[in-house]
Amino acid sequence: MPSNSDPQAALRRILYGLLIVVGAAGISGRILAVDAVDSSRLEGYLYGIGRPDWQKKLPFLSANDRSRWITIRSLVEHGTYEIDEIIKEPNWDSINVVKHDEQGRAAPKPGQGHFYSSKPPLLSTLIAAEYWLIYHGLGYSLGEHPFGVGRFMLLTINVPTIVVLWLLLARYVERYGRTDFGRVFTMACAVFGTLQTTFAVSLNNHLIAAASAMVLLDAVVRIIVEGDLRYRRFAQAGFFAAFLAANELPALSIAAIAGAGLLWKFPRQTLFAGVPAVVVVLAAAWGTNYAAHGTIVPAYAHRDPANNWYVYRYEKNGRVIDSYWSHADRRSAIDRGEPSRAKYVFHVLVGHHGIFSLTPIWLLTVAGLWKLCRDRA
């Protein structure tokens, strides 16, 4: 732990601040330049032949984030989670869409049921609050001003989120780091060397989940290591553990481990402050899912062959089309999945899209953990 008389502490904090400012400025610049570049050549061709609908680009990078933007638009502009009206508009489509009727039954035929985003609706509902203010207060819509409104919302959502993550990390780097180089190097890697900066230019759940994990870690460390037993710390831990799991279901394991540890060591505070905070998030997550789909079970869980929300038919420009998910052989390789578990594990770790190939700094983490265990043995 650094001493108050550490002559380098002030300089290190200045360096942390500079790294965070440069990182935030870089992300902001990328957000202000982001568009769906896969449509650039198509735009040029359509413009060249005089098509009036030549504009195809949007400041949204994939069907993944468009699915959430569509829900946000529908909630604010039409007051419903049904996205039927929005996806009729040019360029406002997505493959991350499900279809069912009011009773939650699959509606495979055109004209039956309604379309919904397959993404859990809690995050989209929260973000819709900002769009409501823009749409009703300023009169700007995502449909007419996708670049201006979309980029503004990304700037006001993603940039503050990642800055909070970095600021909390800087606290622990400074508090528990042992050398000047180690502290500054760790912060530089956090700001410039992870995939969070990539996620920060689109609307997604991963950045929100990462920041939630950092706030959860902050609460746990303050409670267990630093002895801060105020109820608000347990409420912080409970709320962000649940919010982390709500945004990144595989991270439920992290939330469960943190919750079990706090309950074991501090049962009274956890039960009276942590658990109610968890209940608030669960109620919001289940409530918005029920409002959207008539069930608390997430849309992506409805893949039963007898009631598969992903398999449907729809009509567009006079043609009847099967959904993207209806035929496995028509999907892209990443959506078909990897039948070999061994190959899947390889690519998750060191192959394409691998933890260690995309973020090589984690290799140093493995070496550091090995050295730490060896030194303590």
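1. A cavity, as the word is used here, is a set of grid points where a 1.4 Å probe fits but cannot get out. In this predicted model, a search of the whole structure turns up one cavity of 30 Å³ or more, and the space inside the largest cavity comes to about 70 Å³.

2. The lining of that largest cavity includes Thr-71, Tyr-81, Tyr-116, Ser-117, Ala-292 and His-293, and the elements that contribute two or more residues to this lining are β2 (114–117), α4 (121–138) and α11 (267–293). Sorted by class, the lining residues of the largest cavity are five nonpolar, four polar and one charged.

3. Turning to the packing, the largest nonpolar core holds 62 residues, and those with the most contacts inside this core are Trp-69, Trp-92, Tyr-131, Met-153, Trp-166 and Met-187. Helix α5 (residues 146–176) supplies the largest share of the core, with 13 residues. Once its neighbours within four places in sequence are set aside, Trp-166 is in contact with residues including Ile-20, Ile-27, Met-187 and Val-191. Another core, of 15 residues, lies apart from the largest one, and among its members are Ala-219, Val-220, Ala-237 and Ala-273.

4. The second largest pocket contains about 800 Å³ of space and is lined by 30 residues, of which Ile-87, Asp-93, Tyr-314, Glu-315 and Lys-316 lie nearest its centre. Among the elements that give two or more residues to this lining are α3 (63–78), β1 (97–100) and β6 (319–322), while β5 gives the most, with four residues. By class, the lining of the second largest pocket consists of 11 nonpolar, eight polar and 11 charged residues.

Methods: Residues numbered from 1 in each chain as written. Predicted model: local features only at pLDDT ≥ 70, side-chain atom pairs only at ≥ 80, totals over all residues. Heavy atoms only, no water. 1 Å grid on protein atoms, 1.4 Å probe; cavity = no way out; pocket = protein on both sides within 12 Å on 5 of 7 lines; lining within 4 Å. Points joined across faces, edges and corners; volume = space filled by probe spheres on them. Nonpolar A, V, L, I, M, F, W, Y, C, P; charged D, E, K, R; others polar. Core = buried A, V, L, I, M, F, W, Y, C linked by side-chain atoms within 4.5 Å. Buried < 20%, exposed > 50% of the residue type's maximum accessible area, 1.4 Å probe, protein only. Contact = heavy atoms within 4.5 Å.
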